[in-house]
Every structure is written in C-alpha cells, then in structure tokens.
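Good morning, colleagues. Please look at the sequence and the model while I speak.

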Amino acid sequence: MFRVTFLVEDPAERQRLATELRALSMGGDARIVSAFADAKTLEVFLDIAESAVPRTVIDRLAQWLGVTEFEVTGAQAVPTETVASPPTIPRGRLRTAAITQVRVHPDGCTLSVQARHRPYETVERVEVEQTDDAVALTVFVGSADDDARSRYVSLAVAFTWVDTFLDRPVGDRRIIRHDPE
C-alpha cells in the first residue's frame with residue numbers, strides 16, 4: 001500500500017481533483033483504496049499489484065490529475081480489533097429500492113451501488129445475477145417490524161452506497177438495474 005500526498009493549496013483545485021478521483025479508473029495494476037482532502041493536501045491510498053512498478057503507477061496518476069508536486073510513502077495496514085456485529089433486526093417486509101448509480105472499481109469485480117430509499121430504511125442486501133452478457137442488480141431495503149414510520153407516506157429520501165463483489169470482472173457485459181416498478 002502506498003500513500004501519495006499531493007500539495008494542492010487552492011480549494012477549487014482540490015475540489016476538482018476530488019471529483020476526478022471519484023471517476024478515475026486506475027486499471028488492473030492498481031486501485032484507489034481511499035482518498036482524503038484537508039486544507040492544503042489531497043492524500044490518496046493506492047493498492048498496487050506486485051507485478052507493477054509503483055513509481056510508474058504513481059507518475060501515471062499524477063499525470064492524469066495534472067499535479068506535479070507530490071510525495072510518496074509506504075503504508076502498512078494496522079490490524080484493528082473487530083467489533084461483533086449487532087444482532088439482526090427482524091425485517092418483516094423487504095422492498096426493492098431504486099438504484100441511482102453503479103460504479104465499477106478498477107479491479108472490475110467490485111461494484112459500488114447507490115440506492116435511494118426512505119430515511120428510516122436500511123439496505124438489507126444486493127442480489128446479483130450474472131450471465132455471459134449481463135450483470136443484473138437488485139437492492140432490497142427494509143425497516144424494523146415495529147417501526148411505525150413504515151405505515152406512513154414519506155417524502156424524504158436517503159441514499160446509501162453498498163459494495164458488492166462479482167465472481168469475475170464486468171468486462172463488456174451490460175449492467176442491468178432492477179428497480180421497483
């Protein structure tokens with residue numbers, strides 16, 4: 001893992017770079033794990049394949065972003081204590097949610113799916129059906145059985161991103177969103 005720190009003092013330029021990073025596809029030899037911005041820098045954490053030359057990958061990233069001043073440091077993952085997952089809440093009814101965006105990560109096997117739902121609902125699962133021609137996605141949301149808000153109309157909406165993993169890269173297959181009718 002590598003941390004690349006770009007010196008960007010102009011707030012508008014930092015915003016431009018952050019926007020470009022969201023849509024950037026690094027290719028098969030590297031993936032952006034996370035990125036952070038503060039008052040003067042933009043930090044990008046990269047996972048670079050062992051077969052790739054890190055300096056070449058980082059130079060390519062800097063060139064794509066149009067940034068010349070940067071610093072590279074190695075970063076090691078720190079093991080942290082995992083917290084036991086909370087007990088599941090009984091969900092009587094699940095419903096399909098509208099999928100607003102789907103992003104394919106550089107590895108081609110990871111998809112980030114954004115679902116629109118009511119604020120009191122949570123994303124319960126993402127179903128993926130794969131064929132040679134397409135990848136079909138369905139997002140299911142629900143609320144606790146005893147949540148009184150589920151009986152009323154809600155005009156407010158919330159958006160949640162969920163990552164899902166494919167057994168092989170998307171490649172040239174179509175992505176089909178199964179939204180509520």
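Predicted model: local features only at pLDDT ≥ 70, side-chain atom pairs only at ≥ 80, totals over all residues.

Residues are numbered from 1 along each chain as its sequence is written, and side-chain values use heavy atoms, with hydrogens and water left out.

The open sheet has 4 strands in the order β2-β3-β1-β4, with antiparallel pairing. Strands (E, at least two residues) are DSSP runs, as are helices (H or I, at least four residues), numbered from the N terminus; two strands pair if DSSP finds at least two bridges between them. At the edges stand β2 (30-37) and β4 (70-74), each with a single partner strand, so one side of each has no neighbour in the sheet. Strand β1 (residues 2-7) runs antiparallel to β3, joined by 6 bridges.

Within that pair, L7 stands opposite T41 in β3. T41 belongs to strand β3, residues 41-48. Is T41 buried or exposed? T41 is buried, because its relative accessible area is 17%; buried means under 20%, exposed over 50%, and partly exposed in between, with a 1.4 Å probe and protein chains only. Not counting residues up to four places away in sequence, T41 touches T5, F6, L7, V8, R14 and F36, contact meaning heavy atoms within 4.5 Å.

We turn to D29, in the loop between α1 (11-23) and β2. D29 counts as partly exposed, at 21% relative accessibility. Beyond its neighbours within four places in sequence, D29 contacts D47, I48, A49, A52, V57 and R60. D29 and D47 lie 18 residues apart in sequence and 8.5 Å apart in space, C-alpha to C-alpha.
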